[in-house]
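Please look at the sequence and the structure before reading on.

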Amino acid sequence: MNFKNKVAIVTGAGQGIGFEICRMLAQKGAKVILNDIDPDLASKAEGLINESNNGRCRAMAGDSSELVFINKMVDEAISQYGQLDIVIANAGITLYGDFFTYTKEAFSKVMDVNLGGSFFLAQAAAKQMKQQGKGGSILFMSSVVGHQALKSLAAYAMTKAALEMLAKNLVIELSPYKINVNTVAPGATLTERTTEELDYERVWSDITPMGRPAYVTDIANTALFLISDQARHITGQSLIVDGGWTSLSALPDGLK
Ligand SMILES: NC(=O)c1ccc[n+]([C@@H]2O[C@H](COP(=O)([O-])OP(=O)(O)OC[C@H]3O[C@@H](n4cnc5c(N)ncnc54)[C@H](O)[C@@H]3O)[C@@H](O)[C@H]2O)c1
């Protein structure tokens, strides 16, 4: 896959999955706007990527759920690089909480970042891509919990299922402009955040058919495929990357 002459925006990319996507994109020739809400993480990530990629990565710190900032990212792509070909709405927050006591504040925050930020980034990017007239690719970051229930994640899971439906709906609006829209749904993935959880790697290795959680490279490789020229005819789809976890059903002890 070659991304020479492509310009991409990736949100929530100061670390974890988004960072790896930016690193691989820059390595394969793309010019990348790397966003994170944390300015230190954003600038550190930019430095790391540019060490070996000729300054092709540009950090933009800010909140990817804010409309003004979303438009600023698109404007920056145009003023710096003259075009926008790819957007990956990767930023997402996981606010666990018991359903009976889940607050309106937590609910609204999860909706704003995971869903609102993705929806309006897609809208701003699609307007620009339509005007350019050369097509484009939009990718949303879903999750296996958009497919299967996990305790204390109702609000988060709703946003991920909704992103997959959003991708399908946008097939109607964006196919005439040759813009494809897909989602990646990662299972448990080793990132800076998840490895802070106690025993994360062992616990998920035990229940994943492939015997380990995903690495960020597993998810980034899938993302790059879906935004590549090789996937131009794939749209409205979600690709689950979970080592087989969602293929399993709960089993009674005797049948395990
Ligand atoms: N790690 C996993 O196991 C896993 C599994 C399934 C889905 N996902 C999804 O993949 C995506 C990336 O996950 P991750 O674990 O790599 O991320 P993460 O939790 O490590 O966060 C990545 C970055 O996003 C930034 N961020 C948070 N809110 C932001 C905002 N409003 N604007 C801009 N940046 C913001 C954070 O500062 C952080 O550096 C998320 O959408 C997540 O829901 C992750």
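How are α4 and α5 oriented to each other? In this predicted model, the axes of α4 and α5 are 10 Å apart and form an angle of about 15 degrees. Angles under 35 degrees count as roughly parallel, and α4 and α5 are therefore roughly parallel to each other.

**Helix packing**

Two packed helices are described by the angle between their axes and the distance between the axes.

| Helix pair | Angle between axes | Distance between axes |
|---|---|---|
| α1 and α7 | roughly 55 degrees | within 9 Å |
| α3 and α4 | about 35 degrees | 9 Å |
| α4 and α5 | about 15 degrees | 10 Å |

The crossing of α4 and α5 is right-handed. On the α4 side, the residues that meet α5 include Phe 107, Val 110, Met 111, Leu 115 and Phe 119. Their partners in α5 include Ala 155, Tyr 156, Met 158, Leu 163 and Leu 166. Sorted by class, the residues in the contact of α4 with α5 are 15 nonpolar, three polar and one charged.

Helix α4 also packs against helix α3, which spans residues 67-81. The crossing of α3 and α4 is right-handed. From α3, this contact is made by Leu 67, Ile 70, Asn 71, Met 73, Val 74 and Ile 78. From α4, the contributors are Gly 117, Phe 120, Leu 121, Ala 124, Ala 125, Gln 128 and Gln 132. The contact of α3 with α4 has nine nonpolar and four polar residues, and no charged ones.

A further pair is formed by helix α1, residues 16-27, and helix α7, residues 216-226. How are α1 and α7 oriented to each other? Their axes cross at roughly 55 degrees, and α1 and α7 are therefore oblique to each other. The crossing in which α1 passes α7 is right-handed. In α1, the residues that meet α7 are Gly 16, Ile 17, Glu 20, Ile 21, Met 24 and Leu 25. They face a set in α7 that includes Val 216, Ile 219, Ala 220, Ala 223 and Leu 224. By class, the contact of α1 with α7 comprises nine nonpolar residues, three polar residues and one charged residue.

Which residues of α7 are buried? The buried residues in α7 are Val 216, Ile 219, Ala 220, Thr 222, Ala 223, Leu 224 and Leu 226. Among the elements that cover them are α1, β5, β6 and β7.

Ser 228 is placed in the loop between α7 and β7. Is Ser 228 buried or exposed? Its relative accessible area is 2%. Buried means under 20% relative accessible area, so Ser 228 is buried. The side chain of Ser 228 reaches the backbone oxygen of Phe 225 at 2.6 Å. Leaving aside residues up to four places away in sequence, Ser 228 touches Met 1 and Phe 3.

**Lys 130 and Tyr 177**

Lys 130 belongs to helix α4, residues 104-132, whereas Tyr 177 lies in the loop between α5 and β6. With residues up to four places away in sequence not counted, Lys 130 touches Tyr 177 and Ile 179. Lys 130 is partly exposed, with a relative accessible area of 47%. Tyr 177 also counts as partly exposed, at 33% relative accessibility.

Distances in sequence and in space can also be set side by side. Lys 130 and Val 144 are 14 residues apart in sequence, and their C-alpha atoms are 31 Å apart in space. Tyr 177 and Lys 151 are 26 residues apart along the chain, with 40 Å between their C-alpha atoms.

**Positive phi values**

Lys 178 lies in the loop between α5 and β6. Its phi is near 60 degrees, a positive value in a residue other than glycine. Lys 178 is exposed, with a relative accessible area of 61%.

Asn 5, in the segment before β1, is another residue other than glycine with a positive phi, here near 70 degrees. Asn 5 is exposed, with a relative accessible area of 56%.

Conventions: Residues are numbered from 1 along each chain as its sequence is written. This is a predicted model: local features need pLDDT of at least 70, side-chain atom pairs count only at pLDDT 80 or more; totals for chains, interfaces and linings use all residues. Side-chain values use heavy atoms; hydrogens and water are left out. Axes are lines fitted to C-alpha atoms, for helices over the stretch in contact, and angles run from 0 to 180 degrees between N-to-C directions. Helices (H or I, at least four residues) and strands (E, at least two) are DSSP runs, numbered from the N terminus. Angles under 35 degrees count as roughly parallel, over 145 as roughly antiparallel, 65 to 115 as roughly perpendicular and the rest as oblique. A crossing is left-handed if the near helix is turned anticlockwise from the far one by less than a right angle, and right-handed if clockwise. Contact means heavy atoms within 4.5 Å. Ala, Val, Leu, Ile, Met, Phe, Trp, Tyr, Cys and Pro count as nonpolar, Asp, Glu, Lys and Arg as charged, and the others, Gly among them, as polar. Buried means under 20% relative accessible area, exposed over 50%, partly exposed in between (1.4 Å probe, protein chains only). A polar contact is a pair of N or O atoms within 3.5 Å; within protein, one must be able to donate a hydrogen and the other to accept it, and residues adjacent in sequence count only if both atoms are side-chain atoms.
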